[in-house]
Amino acid sequence: MSTANLSRTEARRRSASVQVRDHRVELDLSAATDPGRGTFRTTTTVRFAATEPETFLDFLGPRVHAVTVNGEPREVDVDGGRIHLAGLAAENEVRVEAEAAYSRTGEGLHRFVDPADGATYLYTQQEPADARRVFAGFDQPDLKARFTFVVTAPAGWHVLSNQPVTTTELGPHGTARWAFAATPPLSTYLTAVVAGPYHRVTGEWRAAGDAAGAAPLVVPLGVWCRASLAEHLDAEEVLTITRQGLDFFREHVAFPYPWGTYDQVFVPEYNLGAMENPGCVTLTESYVFRSAATRAQHQARATTVLHEMAHMWFGDLVTPRWWDDLWLKESFADYLGTHAVVAATQFTDAWAAFASRRKAWAYAQDQLPTTHPVVADIPDVEAAKQNFDGVTYAKGAAVLKQLVAYVGEKAFFAGAQRYFARHAYGSTTLPDLLTELEGASGRDLGEWTRLWLHTSGPATLRARATLDEDDRLVRLEVHQDSRDPVTGAEVLRPHRLAVGLYHLTRGGLARSERVELDLTGRSVDVPGVAGLPAPDLVLVNDGDLTYGKVRLDDRSVATVREHLSALGDPLARAVVWSALWNSARDAVLPAADYLEAVLRHGPGESDTAVLQGLTANARTAVEHYLPPADRTAGRARWFDGAWHRLLEAPAGSDAQLVWARAVTGSGAAVPEAAGRLRALLEAEVPDLPMGPELRWATWQALAALGVASVGELDAELARDRTGEGVTQHLRALTSRPDPAVRARAWEALIHRTDLTNDQVDATIAGFTAPPRPRQGYAEAYFAVLRRLWQERSIEIASRLVRGLYPGQQDAAAGRRTDGHPVVRRTEEWLAGNEDAPAALRRLVIEQGDHLRRSLTAQGAAQA
Ligand SMILES: [Zn+2]
């Protein structure tokens, strides 16, 4: 195994023998604007105590110039990602001078040159183990230490890090040197440096002292983005959410904000939504809205802002000891992001999006053969990188929501407060948290933990009604059917949940009863309902307290097909939508029926976050779950339906935007769509704001249909020569169905190592845009997998392995899923590559499972 893939065993051994005092990290970024310079000088001075004569520092970069141990120059001993140190004393000062590379993949110190104005921007992204791409250090989460950053950069720039600047000195040749205050004890992956001519908006948050003894606090706030995006940055809204969040966490966490300042920087070509660097959060630029954005997009941004803020305590102040307990920070941040948005901001309805969209991610991930318990087994950092997934985030958050329903919100936060008081600036594992939650709630959580955090898979929840001849309830039971897909064992988890009984009335589909109960075994009787008129809809998990796939009974399905829009409660609708989608994915509800439900009741869905998810699901249903014989008609039906809903949507509404996206997203598969797509570009839909986002999506659909010329695409780029414009133009060019274009795209993805993360995504998206485009590339894909994994960074390799998998396939009538040639080829590859890295195998297994699911749905519909 590569020495770059640090294992848990090695990390444990190292932390047993080393106690890190502090790091001083000096970065020379003064030549960053010179595109010919691919590297920068990085010098680390690390002080630590050692109980063994040898250890190693982590570093991934082109060159190590010099290593000095306790003032004595040493021969440089580098092996893969490690610098070996020998002859150590009890207390040591090690200095490493090295050359690190500017990143183009979003890992380490990423460099971006803005096509709009030629300005250069830098930022770091280091989780889980990419700090070693920026500086030499002990790159594992439990070796926390103080960091002092000193950065040399062009004098006109802004330079940010986790702590405030202490001094700035002008240097030679138009450079300056920024020194930052030493951080409180931090893990390496949480350190950050951001540098460039960023645009800044400032503010502050003030908290008065209180009777409980909390001191008054002032936190300077900064919101940053590239200068060329300044006109689109609605910083005031971000600042408002930030202040509301800081108020919320002050009250609930009761540990004063520990990081001094709070900067939030929107950065280009970002690999993720955001990163919780203490005091210096980085966020994706897609949250700076250049085009019209729905309220749902504002809500998503607010949720991300508060997710990262939750990390200032959950993850930053107290850090998981190793990546097995990644959930200890991600599940909490994910839960609290939504909880705080609902409790403290204007977005009081955010639980609906959580129920229908965030949890869909969890249910999908949790049914894959690669699923894992929330508390995972993570043997090395490659496995860690793969585990930022739907189980760690969304299932973990859903399980915490269930825990709050179980122990109560008061006890939950009281436990959290005790946890922070005890473990501030330290690192922990699950039992550390449980002890405090048990202490605060007075409940033994051992069994709850075993059943919820150490098992896998969602339960399926259903209600069974027994009626008398007058159509009245004799009995209503709730069942759980739950098998751990990893162990095969039955797991009956305790569910605190609500059951809603709904009747059709003149005013709509109204809830007449809501009963909250505990389901602990296979089934439980819903108390107090005997004699009530038979409900038209029985909704298990009303209010979405628990985690489990809900199956509606036949009568309820019939009701929601006709009347879902008449269900007034948005959260109840979200739970119904979730049930329908899970049924479609499981081949219980035909894809065509799901499609009709979205076309019929989508226009009545007032929550645009939910609606956006429905339209994405509908497209998946058309492309993957409809039987091949029905697909052409299904595509036309979906495109035409979305077009009419676009025309019917109120002018200037969010719904109009969502349907317009559905139109552009599905147009590439419908040859007759070209005329209407052109009409969009001619602004023929009244009051539809055709910003760059919709314009590019339209051009990409036209390009995929083979009816957009290169000249037209270039003309669009001339209108929008921005970072996003250049990427979208690449995607549009690559979307053309010409076999030579496809071959060039394939060659670029497989052979070119200079493509950035965003260019890789755009090229994959273009390559896969025309319907069923990848025939002919399946064998080439399997042939190149191992080489890609070896030669590319894990971020880029993962995108290629996922994105190029030949997963759009047709089921042959009457043929078993197992017999499909791509399914067979996947199995063969797995059998022949048992020695391949586990992270690569995991991705291939997952893609294979998605394909099986598609083929099963297609087969069920044509059976
Ligand atoms: Zn997070």
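**A guided reading**

The UniProt record, an unreviewed entry, places the feature "domain: Peptidase M1 membrane alanine aminopeptidase" at residues 240–452. The model shown here is predicted. Within it, the span 240–452 is 58% helix and 8% strand, and its end C-alpha atoms lie 36 Å apart.

A zinc ion comes next. The zinc ion is coordinated by NE2 of His307, NE2 of His311 and OE of Glu330, at 2.0 to 2.1 Å. Along the chain these donors follow the spacing H-x3-H-x18-E. His311 belongs to helix α3 (residues 295–311) and Glu330 to helix α4 (residues 327–344), so this pair ties together parts that are 19 residues apart in sequence. Both His311 and Glu330 are buried.

Now to a sheet. Five strands form an open sheet with mixed pairing, in the order β16-β17-β18-β20-β19. Its edge strands, each pairing on one side only, are β16 (199–207) and β19 (274–275). Strand β16 runs antiparallel to β17 (residues 217–225), and nine bridges join the two. Arg206 stands opposite Val218 in β17.

Strand β18 (residues 262–267) contains Asp263. Asp263 is buried but has no salt bridge; Arg200, the nearest side chain of opposite charge, is 7.3 Å away. Leaving aside residues up to four places away in sequence, Asp263 touches Leu160, Leu221, Gly222, Trp224, Gly279, Cys280 and Val281.

Elsewhere, charged side chains do pair. Side chains of opposite charge can pair when their charged atoms come close. The count comes to 68 salt bridges. One of them joins Arg41 and Glu99, at 3.3 Å from N to O. Arg41 counts as partly exposed because its relative accessibility is 33%, whereas Glu99, at 8%, counts as buried. Arg41 and Glu99 also belong to a network of salt bridges with Arg24, Glu26, Arg95 and Glu97.

Two further pairs follow. Asp586 and Lys549 meet in a salt bridge of 2.6 Å, N to O. Asp586 lies in the loop between α12 (570–585) and α13 (591–601), while Lys549 lies in strand β29 (residues 549–551), so parts that are 37 residues apart in sequence are tied together. Lys549 is buried, at 6% relative accessibility.

Arg561 forms a salt bridge with Asp593, their closest N and O atoms being 2.0 Å apart. Here helix α11 (residues 554–563), which holds Arg561, is tied to helix α13, which holds Asp593. Arg561 is partly exposed, with a relative accessible area of 39%, and Asp593, at 24% relative accessibility, also counts as partly exposed.

Note on methods. Residues numbered from 1 in each chain as written. Predicted model: local features only at pLDDT ≥ 70, side-chain atom pairs only at ≥ 80, totals over all residues. Heavy atoms only, no water. Donors = N, O, S within 2.8 Å, 3.2 Å for Na, K, Ca; no water. Helix = DSSP H or I, 4+ residues; strand = E, 2+ residues; numbered from the N terminus. Buried < 20%, exposed > 50% of the residue type's maximum accessible area, 1.4 Å probe, protein only. Lys, Arg positive; Asp, Glu negative; His and termini not counted. Salt bridge = Lys/Arg side-chain N within 4 Å of Asp/Glu carboxyl O. Contact = heavy atoms within 4.5 Å. UniProt positions renumbered as here; feature names shortened; annotations may be inferred. Pairing = 2+ DSSP bridges.
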